[in-house]
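Here are some friendly notes to read alongside the model. Take the points in order, and keep the 3D view open as you go.

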Amino acid sequence: MKFNQAALLMVVMCVIVLVIVFVKIRMEFIINFILRMVFGAVGIYFLNSLFIEKGLDAMVGINFGTVGAIGLLGIPGFLLVYAIALFQLL
């Protein structure tokens, strides 16, 4: 095997390893994002139910904007959505 072929083989192997690592990282991000969206939607549902029982009018709708913000930001996004809803009551 010549030096050029060996160097090319090493570069190809490094690129394959990098692609595998990036795909793994991206999949972890996507799964984490989806789980935060699902748990955020469930949290909104239960907190809205609690607010209805207590007579508060700070309802947050479950839509792509609210669930997307929660999926991107996590717990701070959840608190942000409800802070905006409570701010509108003032």
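1. Phe29 counts as partly exposed, because its relative accessibility is 48% (buried means under 20% relative accessible area, exposed over 50% and partly exposed in between, with a 1.4 Å probe and protein chains only). Phe33 is also partly exposed, at 24%. Both residues lie in helix 1 (residues 3-54), 4 residues apart, or about one turn of the helix. Helices here are DSSP runs of H or I with at least four residues, strands are runs of E with at least two, and both are numbered from the N terminus.

2. Before going further, a word on the source. This is a predicted model, in which local features need pLDDT of at least 70 and side-chain atom pairs count only at pLDDT 80 or more, while totals for chains, interfaces and linings use all residues. Residues are numbered from 1 along each chain as its sequence is written, and side-chain values use heavy atoms, leaving out hydrogens and water.

3. How confident is the predictor? The chain has a mean pLDDT of 87, with 98% of its residues at 70 or more (pLDDT is the predictor's confidence in each residue, from 0 to 100).

4. Now the aromatic rings. The structure holds 4 aromatic pairs; rings of Phe, Tyr and Trp (its six-membered ring) pair if their centres lie within 6.5 Å, and planes under 30 degrees apart count as stacked, over 60 as edge-to-face and the rest as tilted. One of them is Phe29 with Phe33, a stacked pair at 6.4 Å centre to centre and 20° between the planes.

5. Which residues form an aromatic cluster? Phe51, Phe78 and Tyr82 do. Within it, Phe78 and Tyr82 make a tilted pair, with 5.3 Å between centres and 55° between planes. These two are 4 residues apart in helix 3 (residues 75-89), so about one helical turn separates them. Tyr82 counts as buried because its relative accessibility is 6%.

6. Setting aside neighbours within four places in sequence, Phe78 is in contact with Gly40, Gly43, Ile44, Leu47 and Ile70 (contact means heavy atoms within 4.5 Å).

7. Look next at how two helices meet. The axes of helix 2 (residues 64-73) and helix 3 come within 6 Å and cross at roughly 145°; axes are lines fitted to C-alpha atoms, for helices over the stretch in contact, and angles run from 0 to 180 degrees between N-to-C directions. Helix 2 contributes Thr66, Ala69, Ile70 and Leu73 to the contact, while helix 3 contributes Ile75, Pro76, Gly77, Phe78, Leu80 and Val81.

8. Is Thr66 buried or exposed? Thr66 is buried, with a relative accessible area of 13%. Apart from neighbours within four places in sequence, Thr66 is in contact with Ile44, Val60, Gly61 and Val81.

9. Finally, compare the model with a record. An unreviewed UniProt entry lists residues 6-23, 30-52 and 64-87 under "transmembrane region"; UniProt positions follow the numbering used here, feature names are shortened, and annotations may be inferred rather than shown by experiment. Residues 30-52 are 100% helix and 0% strand, with end C-alpha atoms 33 Å apart. Residues 64-87 are 96% helix and 0% strand, and their end C-alpha atoms lie 21 Å apart.
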